[in-house]
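The sequence and the model are shown first.

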Amino acid sequence: VEAVNLIADGKAPRIPQPEEGATYEGIQKKENAEISWDQPATALHNWIRGHDKVPGAWTTINGQMVTFYGSSLLGASVPAGQELAIKGASRPGLVTKNGLVVFGNDGKMVLVRNLQFEDGRMIPASKYFSADETTALELTEEEKKIAEDIR
């Protein structure tokens, strides 16, 4: 009540805030968002989610910078998947049908749903090993006729 009354009377103390450190720009740089793998799963999840979307938490996979998006803690048993070596990680990740499972130093798991590559391409993490496969679109005769009509 006293503080409100001081403000109402125009007598509240005014302390200028220093401008040093008054920005978030320093922590929003991509080079500051690299994932440190020597942490428990909860810290990994918080790091990934804390950098989601800008600038994006990243790591190196097969010599390429890969950014992780959309993480969640995974409390179930270790799912079946294809191993993926991650630079600095104590054990390889697993590409599963639900996404990329990574492990904290406590053995607990984090599920990452999306990956973005250096070239800007974003894919569901579950499609990591099939990302380079390209399939041609094949139209049925009826679809070809509709496409011709549209042209």
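The text below covers confidence, strand pairing, the cores and the ring contacts, in that order.

## Basis and confidence

The model is predicted: local features need pLDDT of at least 70, side-chain atom pairs count only at pLDDT 80 or more, and totals for chains, interfaces and linings use all residues. Residues are numbered from 1 along each chain as its sequence is written, and side-chain values use heavy atoms, with hydrogens and water left out.

The pLDDT (the predictor's confidence in each residue, from 0 to 100) has a mean of 86 over the protein chain, and 92% of the residues reach 70 or more. Confidence is highest in strand 5, at 94, and lowest in helix 3 (residues 141-150), at a mean of 85. Helices (H or I, at least four residues) and strands (E, at least two) are DSSP runs, numbered from the N terminus.

## Strand pairing

Two strands pair if DSSP finds at least two bridges between them. Strand 1 (57-61) and strand 2 (64-74) run antiparallel and are joined by five bridges. They form a hairpin with two residues between them, and Asn 62 in the turn has a positive phi of about 50°. Within this pairing, Ala 57 stands opposite Phe 68 of strand 2.

Three bridges join it to strand 3 (residues 82-84), with Val 95 as the bridge partner of Gln 82. Strand 4 also pairs with strand 5 over three bridges, and a hairpin of two residues joins these two strands. Here Leu 94 has Val 101 of strand 5 as its bridge partner.

Strand 1 is mostly covered, with five of its five residues buried; buried means under 20% relative accessible area, exposed over 50%, and partly exposed in between (1.4 Å probe, protein chains only). Ala 57, Thr 59 and Ile 61 point one way from strand 1, while Trp 58 and Thr 60 point the other way. Thr 60 counts as buried because its relative accessibility is 17%. Contact means heavy atoms within 4.5 Å; leaving aside neighbours within four places in sequence, Thr 60 is in contact with Ile 86 and Lys 87.

## Nonpolar cores

A nonpolar core is a set of buried Ala, Val, Leu, Ile, Met, Phe, Trp, Tyr and Cys residues joined through side-chain atoms within 4.5 Å. The largest one has 22 residues, and those with the most contacts inside it are Trp 37, Phe 68, Leu 100, Val 102, Val 112 and Leu 115. Two or more residues each come from helix 2 (41-50), strand 1, strand 2, strand 5 (99-103) and strand 6 (109-117). Strand 6 gives the largest share, four residues.

Beyond its neighbours within four places in sequence, Val 112 is in contact with residues including Ile 48, Phe 68, Tyr 69, Leu 100, Val 102 and Ala 125. Another core, of five residues, lies apart from the largest one, and Leu 94, Val 101, Met 109 and Leu 111 are among its members. In soluble globular proteins, nonpolar side chains tend to be buried together.

## Rings and charges

Rings of Phe, Tyr and Trp (its six-membered ring) pair if their centres lie within 6.5 Å; planes under 30 degrees apart count as stacked, over 60 as edge-to-face and the rest as tilted. The whole structure holds three aromatic pairs. In one of them, the rings of Phe 117 and Tyr 128 have centres 6.0 Å apart and planes at 35°, so the pair is tilted. Phe 117 lies in strand 6 and Tyr 128 in the loop between strand 7 and helix 3, eleven residues apart. Ring pairs link Phe 117, Tyr 128 and Phe 129 into a cluster.

Phe 117 counts as buried at 6% relative accessibility, and Tyr 128 is buried at 13%. Not counting residues up to four places away in sequence, Tyr 128 touches Ile 61, Asn 62, Leu 84, Val 95, Leu 115, Phe 117 and Ile 123.

A charge sits over a ring if NZ of Lys or CZ of Arg is within 6 Å of the ring centre and within 35 degrees of the ring normal. Two such cases are listed here.

| Charged residue | Ring | Distance to ring centre |
|---|---|---|
| Lys 53 | Tyr 69 | 4.2 Å |
| Arg 91 | Phe 103 | 3.6 Å |
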